[in-house]
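Subject: Structure handover

Hello,

Here is the structure I promised to pass on. Please open it beside this email, as my notes on it follow below.

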Amino acid sequence: MTEQKERELYFWLRLIREYEDRISTLDKQGKIQGGIYSGKGQEAIVVGICHDLRPDDWIFPLHRDLGAFLVKGADPKRLMAQIFGRRDGFAKGKDSFLHGGDFSHCIFGATSMLGSTLPVAVGTAYKFRIKKEDRVAIAFFGEGASSRGDVHEAMNFAGIYKLPVVFVCENNFYAYSTPNELQFAVEDVADRGPGYGFRGDVCSGNDLHSVMKAAKKAIDRARNGEGPTFLECKTYRYHGHSEHDGAAYRSEEELITWESRDPIERWEVYMGKRKYDVAAIRAETTERVKKVVDEALAFAEASPWPEGTEAMEDLYATPVEED
Amino acid sequence: MPATYIQAINQAMHEEMARDENVLLLGEDVGVLGGAFKATDGLLAKFGKERVVDTPIAESLIVGAGVGLAIQGMRPILEMQFIDFISCGFDQIVNMAATLRYRHGGQTACPIVVRGPCGGGVHGGIYHSQNPEAWFFHVPGLKIVAPATAYDAKGLLKSAIRDDDPVIYLEHKFLYRRIKEDLPDSEYLVPIGKAALRKEGRDLTAISYGSPVHAVIKAARDMAGEIDIEVIDLRTLLPLDWATIRASVAKTGKALIVHEARRTGGIGGEIAARIAEELFEYLDGPVLRVASMDTHNAFAAPMEEYILPNQEKIAEAIRKLASY
């Protein structure tokens, strides 16, 4: 990797951290409504998966993947307006957070029925296959969602047709409060991949190098017609399931252990070993990301609320007139 | 040559797949077998296995993959082998397909058709006889059609395939081979959202859709000397053609709703309520309903016949209403 790319990757890690921290603060201040699902601690996964995708590749993020929106190219301003429920958000105020995707950047909006976007992702991949397009679909989901039938149905279909899709499981060990031992009886969720006829790989989701290496293999495989990959990224969320969740179900020691494996600090150590001036890069990046988030926030706050009557718009593409 | 109701459905898919290469079909046993009822007969041979996809038994996948294809510019037809199985794809229909355009602020459309055989009268038992329209009638963002004739079955399916919104297409299996009519040689469409006036009349409006339409028409003809009945075949359930209902009930002053789905929570309740709200001053009697009894569709022939609406029950309701 070039120094420029390594610094760019650092920028994305830091931007996501700053963006999500700011939203958490705004939530505590009561300035935004609705649930906030911080991906703090999991930034390396979305950066590692999305950074080298092509603009016409599709991603299907989960509710904790705000970072995936940013790395894939969504406008930080519109994303903030989305979180604020304003007219300039992707959903124009009709739904919150990541339920409105950004089709101009090939980003599909998540639902709250976790794992339900996986069948949609394989449908998309099926279209790429039959139209002979060398594009890929990336389907994100949590280890908890892996228990749902939708996930099984999607993977089974993708395996049969060797579809160009990568299933990215962000295993952060808790589905809301439910620990993995109450979620499935295997150690690695990726073990399920071979059961569907494709590879299951495991990587450290807190190590950007590890994610990028595994992602490249999986994406190349999909693009070359070699079929899907189940890529499990082991990670940890620092915050509770949502900002309202104090996460009392887990130990302080566990959290501290994982904080010591922080993906951003790890990247700084790496850059230090590459003999870059980390202090200078850190200071410069802090300025850059602060500016982006400040601008996004100002834009969102200035964006108008939609009118109540707009609730009746965008329901049907071809409405039937009632008289 | 006359075409049966199911042949009309088959013709619609043949024509639309030939017309538009982005139309494709996903479902269980739709390929080599040609569908459990032969609705998809001949499609695989003509359009190939990439466009006629035999899926695993996975209704959630079928609908969800359909949504994925739709956002990529394709126009998938998604077959539920029996419409009862649509419950296994329910989440993908109501939370994914129906919300898709809305929660993306109009950035996308969702041109999918979910079709399959509904209804009873063939002793199919609990899991092969259901009429699930009310499950979906409550969901904004969906359209629901339920043809009663071969002409409409073809014309509505073609319209549904071309429609940019998710359409639930309820084909009644009792009609598959019992209904036959000459279809036009040239292409035609039946618009979604428009009811058909099957018979004009002055005394009473009978509103129906799907299989019972035929019993209603027969009752109206049989009773013609006695009571002059106007028959509306809704054809589209969501959105409803209120203009036609309103004009007819304002004229006759009496309304009877006949559907095969069970009475409680059925679509008839909504139609009755709206007639009461908007046309109260025109009414000369209560809005009556004839529907299936509030139970599961039973398997044994006498039990099923007891549960389902029939011409006798319809005639009885007509007389009761006419007497007001």
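**A sheet in chain B**

Chain B has an open sheet of seven strands with mixed pairing, in the order S3-S2-S4-S5-S7-S6-S12. Strands here are DSSP runs of E with at least two residues, and helices are runs of H or I with at least four residues, numbered from the N terminus; two strands pair if DSSP finds at least two bridges between them. At the edges are strand S3 (52–54) and strand S12 (236–238) of chain B, each pairing on one side only. From one strand to the next, the twist averages 20°.

This is a predicted model, in which local features need pLDDT of at least 70, side-chain atom pairs count only at pLDDT 80 or more, and totals for chains, interfaces and linings use all residues. Residues are numbered from 1 along each chain as its sequence is written, chains are lettered from A and ligands numbered from 1 in the order in which they are written, and side-chain values use heavy atoms, with hydrogens and water left out.

Strands S2 (residues 23–27) and S4 (residues 75–79) of chain B run parallel and are joined by five bridges. B:Gly27 has B:Glu79 in S4(B) as its bridge partner.

**Backbone exceptions**

Most residues other than glycine have a negative phi, and most peptide bonds are trans. B:Arg235 has a positive phi, near 65°, and is found in the loop between strand S11 (229–233) and S12 of chain B. B:Arg235 is buried (under 20% relative accessible area, where exposed is over 50% and partly exposed is in between, with a 1.4 Å probe and protein chains only), its own value being 11%. The peptide bond from B:Leu238 to B:Pro239 is cis, with omega near -5°. B:Pro239 lies in the loop between S12 and helix H8 (242–252) of chain B.

In chain A, the phi of A:Cys106 is positive, near 60°. A:Cys106 sits in the loop between helix H4 (76–83) and helix H5 (117–130) of chain A, and is buried, with a relative accessible area of 9%.

**A buried phenylalanine**

Which strand holds A:Phe167? A:Phe167 is in strand S3 (residues 165–171) of chain A. A:Phe167 counts as buried because its relative accessibility is 0%. Not counting residues up to four places away in sequence, A:Phe167 touches (heavy atoms within 4.5 Å) several residues, including A:Leu118, A:Phe141, A:Met155 and A:Phe230. The C-alpha atoms of A:Phe167 and A:Glu232 are separated by 8.1 Å, though 65 residues apart along the chain.

Regards

Note on methods: Axes are lines fitted to C-alpha atoms, for helices over the stretch in contact, and angles run from 0 to 180 degrees between N-to-C directions.
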